[in-house]
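Please work through the following exercises with the sequence and the model at hand. Each task is followed by a solution in steps.

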Amino acid sequence: MAAGCGGEASPPAGSTDTAPPAPETSKPQSARTGPAKAVEVADKCSIVTEQQATALGADQPLRERDSNGQLGCTYQKGKAGTPGWSAFVAVDGGSTFTAEVEARNEPTKKGEVAGYPIAGYDSGRGCVLYADVSDQGYLIVNIARTSTADPGIDMCQQAEKFAEAAIQNLPNA
């Protein structure tokens, strides 16, 4: 008697009954189109060069400083108490762009600078701008008036210009 078609069939070689595991999605994927940047910079005032800062209107000496635990550089137009602005620029590896933005109110400005997502917060007297330059950190530009007088510029636009200069200068990670 001939054998019937009973019994268990095994799947063809190389096939599987289960789909491969999905990649981990514990952190959101960055919308950045530019390469990740380094968030450790030895010379804090090299983030935006003196020449770039002068082209953006700064007319005071650059100075490295610590602002709320962030080491960066201050660029300034006008002396304190006179019409002008002061911009603090730093890269921070202690947090991420997403964490910083999610910890705050809705940004007054969202967009991108040179392929890097940004979120800006206009306070009326200044602007704080975050840029997504790395999965391990972010770029911050915090610009404010140096007096109660209007310096005659859009603070968030000025912050974007500093962010663009910094992004050009930051080395790739």
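The exercises below treat the disulfides and one glutamine.

The model is predicted: local features need pLDDT of at least 70, side-chain atom pairs count only at pLDDT 80 or more, and totals for chains, interfaces and linings use all residues. Residues are numbered from 1 along each chain as its sequence is written, and side-chain values use heavy atoms, with hydrogens and water left out.

**Exercise 1.** Determine how many disulfides (pairs of cysteine sulfur atoms within 2.5 Å) the whole structure holds, and describe them.

*Solution.* 
1. Cysteine 45 is bonded to cysteine 73, with sulfur atoms 2.0 Å apart. Cysteine 45 lies in the segment before helix H1 (50-55) and cysteine 73 in strand E2 (residues 70-77), 28 residues apart.
2. Cysteine 127 pairs with cysteine 156, again with sulfur atoms 2.0 Å apart. This pair joins strand E6 (residues 126-134) to helix H3, across 29 residues. Helices (H or I, at least four residues) and strands (E, at least two) are DSSP runs, numbered from the N terminus.
3. Counting bonded cysteines along the chain, the pattern is 1-2, 3-4.

**Exercise 2.** Decide whether glutamine 158 is buried or exposed, and find what its side chain reaches.

*Solution.* 
1. Glutamine 158 belongs to helix H3 (residues 155-169).
2. Its relative accessible area is 5%, so glutamine 158 is buried (under 20% relative accessible area; exposed is over 50%, partly exposed in between, with a 1.4 Å probe and protein chains only).
3. The side chain of glutamine 158 reaches the backbone oxygen of leucine 56 at 2.8 Å.

Terms used:
Polar contact = N/O pair within 3.5 Å; in protein donor to acceptor, adjacent residues only side chain to side chain.
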